[in-house]
Amino acid sequence: MSSGTSTDWLALLDWRREASALYARVREELPRDPQAAHHLWQTGRNALFGNHPQSPLGLEARAAFRELPCWPYDPALAFSARVDTTGPQERLTVPSSTGQDTALVRFGRVQLPIGTLDVYWIDVYGGGVFLPFRDATSGQESYGGGRYLLDTAKSADLGSTSLNGTASGELVLDFNFAYHPSCFYDPRWSCPLAPPQNVLGVPVRAGERMA
């Protein structure tokens, strides 16, 4: 997040509304055509980054902006998984990009073909489910502080799978929609970094990457 004026807060409200609407459209399209949903997501994020007053990009970078670099869609990196909540909860703080601490509660984990990731609740007002990660591309082909796969406080949520119209309880975890936190684009933003236990040992060449 970033500090600002009342005008900034209203612009941020509009950003979150736009992001929420974008993810709603993506969730609707994803079961029918994942690649079309991915294109929709890219197009929507590019429009927000290039045109919105609350773009994570600074004014100079915004003027030169064309598009967010992404790897091509890889269906092998699209998963769904049930959150295992049988283990004990763990309260922890993780550093942000500006050195401030963010309170999290680890309430479960997901087993994926490429590794295991903890799932967190952001333990502040409003809260939200949060799934950050790092992988073997971090610091080389993607941001060293990690990327976000799920952040419901910011509407970044691909939903759950369904069976005969009924939610199965399995989260849609498609790494093709992994994105960089705002602090990657400008240091004025403060973003929680991926905890050391959420590091995948394989390269995840899907989602947003460095140029």
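Analyst: F184 is partly exposed, with a relative accessible area of 26%. Y185 counts as buried, at 19% relative accessibility. (Buried means under 20% relative accessible area, exposed over 50%, and partly exposed in between, with a 1.4 Å probe and protein chains only.) This is a predicted model: local features need pLDDT of at least 70, side-chain atom pairs count only at pLDDT 80 or more, and totals for chains, interfaces and linings use all residues. Residues are numbered from 1 along each chain as its sequence is written, and side-chain values use heavy atoms, leaving out hydrogens and water.

F184 and Y185 belong to one aromatic cluster, together with W15, F49, F65 and Y143. The structure holds 10 aromatic pairs. (Rings of Phe, Tyr and Trp, the last by its six-membered ring, pair if their centres lie within 6.5 Å; planes under 30 degrees apart count as stacked, over 60 as edge-to-face and the rest as tilted.) One of them joins Y148 and Y179: the ring centres are 5.7 Å apart and the planes lie at 80 degrees, so this pair is edge-to-face. Y148 sits in strand β6 (residues 147–151) and Y179 in the segment after β8 (166–174), so the pair ties together parts 31 residues apart in sequence. (Helices, H or I of at least four residues, and strands, E of at least two, are DSSP runs numbered from the N terminus.) Both Y148 and Y179 are buried. The rings of F184 and Y185 have their centres 4.9 Å apart and their planes at 80 degrees, so that pair is edge-to-face too.

Now the helices. W15, a member of the cluster, is buried in α1. Other buried residues of α1 include A11, L12, A19, L22, Y23 and V26. The 24 residues of α1 should span 34 Å at 1.5 Å a residue, and its end C-alpha atoms are 35 Å apart, which agrees. (The expected span is 1.5 Å times one less than the number of residues.) The buried residues of α1 pack against α2.

Helix α2 (residues 34–51) has 18 residues and reaches 26 Å between its end C-alpha atoms, close to the 26 Å expected.

How do α1 and α2 cross? Their axes come within 8 Å and cross at roughly 170 degrees. (Axes are lines fitted to C-alpha atoms, for helices over the stretch in contact; angles run from 0 to 180 degrees between N-to-C directions.) That makes α1 roughly antiparallel to α2. (Angles under 35 degrees count as roughly parallel, over 145 as roughly antiparallel, 65 to 115 as roughly perpendicular and the rest as oblique.) On the α1 side, W15, E18, A19, L22, Y23, R25, V26 and E29 take part; they meet A36, A37, L40, W41, G44, R45, L48 and F49 of α2. (Contact means heavy atoms within 4.5 Å.) The residues of this contact divide into 11 nonpolar, one polar and four charged. (Ala, Val, Leu, Ile, Met, Phe, Trp, Tyr, Cys and Pro count as nonpolar, Asp, Glu, Lys and Arg as charged, and the others, Gly among them, as polar.)

S155 lies between β6 and β7 (160–163). S155 has a positive phi of about 70 degrees, although it is not a glycine.
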